[in-house]
Amino acid sequence: MNTGHNHHQGDFHTDDIQDAEFQDAEIIDETHEQEAPKSHHQATAQDSLDVEIEDELPEIIIKKTPEQKPEEKQTEKSTNNQSNNSSEADEAISILEAELHKEKDKFTRLFAEFENYKRRTAKERLELLTSAGQDVILSMLPVLDDFDRALVEISKSEDENLLRGVELIHSKFLNTLRSKGLEQIQVATADPFDSDIHEAITQTTAPTEDLRGKVLDVVEKGYKLGDKIIRYPKVVVGQ
């Protein structure tokens, strides 16, 4: 009896344990069911966030590398064209400046050559006129010499009127030649002999020691036209 009774209590104890375990399992299931919707909600929110991120990512990429609009492409093309045109313009300006410098140098050289030509022709014209006048005046010098000799001879006579008349003609003739540039080279006795302006036709013994190498006599007068000697004075030199 005791054994059967005890066995019946043990069965009740076992049933209680099983009931407790079953209740615990129900609690765990309920807890799992309560947590399961929460995890599902969290998964749904995470998926929604990932979708939003994926939806926003292309927009971010697009913002980083925006596609050029037609107006921007046209502006860039216009800028490139302007840059190319500016380079071509600078190159053209450099070429034109080089050509301008070359033409200026050429003009300067031609102008200098023309100025030299004008000076040369003016000098040649003056020399031609001087030479032409020189030939005429040079041909008149013998006549002037004759007047000088005539005056010397007439002054020896007692005819004062004749002397005055010849002196008047001589003075007029000499003044006319002087107006054309004729000038007498002044040479006097006892002047030192200068081969640059004197022409020695002969040498003779000097009467005194101090006359050696000096002009003793003037045989023919000398003249110059302007700065040029057209006839050297002929002199006798003492030695």
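Predicted model: local features only at pLDDT ≥ 70, side-chain atom pairs only at ≥ 80, totals over all residues.
Local features need pLDDT of at least 70 and side-chain atom pairs count only at pLDDT 80 or more, while totals for chains, interfaces and linings use all residues. Residues are numbered from 1 along each chain as its sequence is written, and side-chain values use heavy atoms, with hydrogens and water left out.

The largest nonpolar core has nine residues: Ile137, Leu141, Leu144, Leu174, Leu177, Leu182, Tyr223, Leu225 and Ile230. Such a core is a set of buried Ala, Val, Leu, Ile, Met, Phe, Trp, Tyr and Cys residues joined through side-chain atoms within 4.5 Å. Buried means under 20% relative accessible area, exposed means over 50%, and partly exposed is in between (1.4 Å probe, protein chains only). At least two residues of this core come from each of α2, α3 (160-179) and β4 (222-225). Helix α2 gives the largest share, three residues. Helices (H or I, at least four residues) and strands (E, at least two) are DSSP runs, numbered from the N terminus.

Ile230 is one of the core residues. Leaving aside residues up to four places away in sequence, Ile230 is in contact (heavy atoms within 4.5 Å) with Gln134, Ile137, Leu138, Leu141, Leu182, Tyr223, Lys224 and Leu225.

Arg231 belongs to strand β5 (residues 228-231). Arg231 counts as buried because its relative accessibility is 12%. The side chains of Arg231 and Asp145 are joined by a polar contact of 2.9 Å. A polar contact is a pair of N or O atoms within 3.5 Å; within protein, one must be able to donate a hydrogen and the other to accept it, and residues adjacent in sequence count only if both atoms are side-chain atoms. Not counting residues up to four places away in sequence, the residues that Arg231 touches include Leu141, Ile185 and Tyr223.

Asp148 is part of helix α2. Its relative accessibility is 15%, so Asp148 counts as buried. Beyond four places away in sequence, Asp148 touches His170, Lys221 and Tyr223.

Met140 is in helix α2 (residues 70-154) and, at 32% relative accessibility, counts as partly exposed. Val152, also found in helix α2, counts as partly exposed because its relative accessibility is 46%. Val152 and Leu163 are 11 residues apart in sequence, and their C-alpha atoms are 9.5 Å apart in space.
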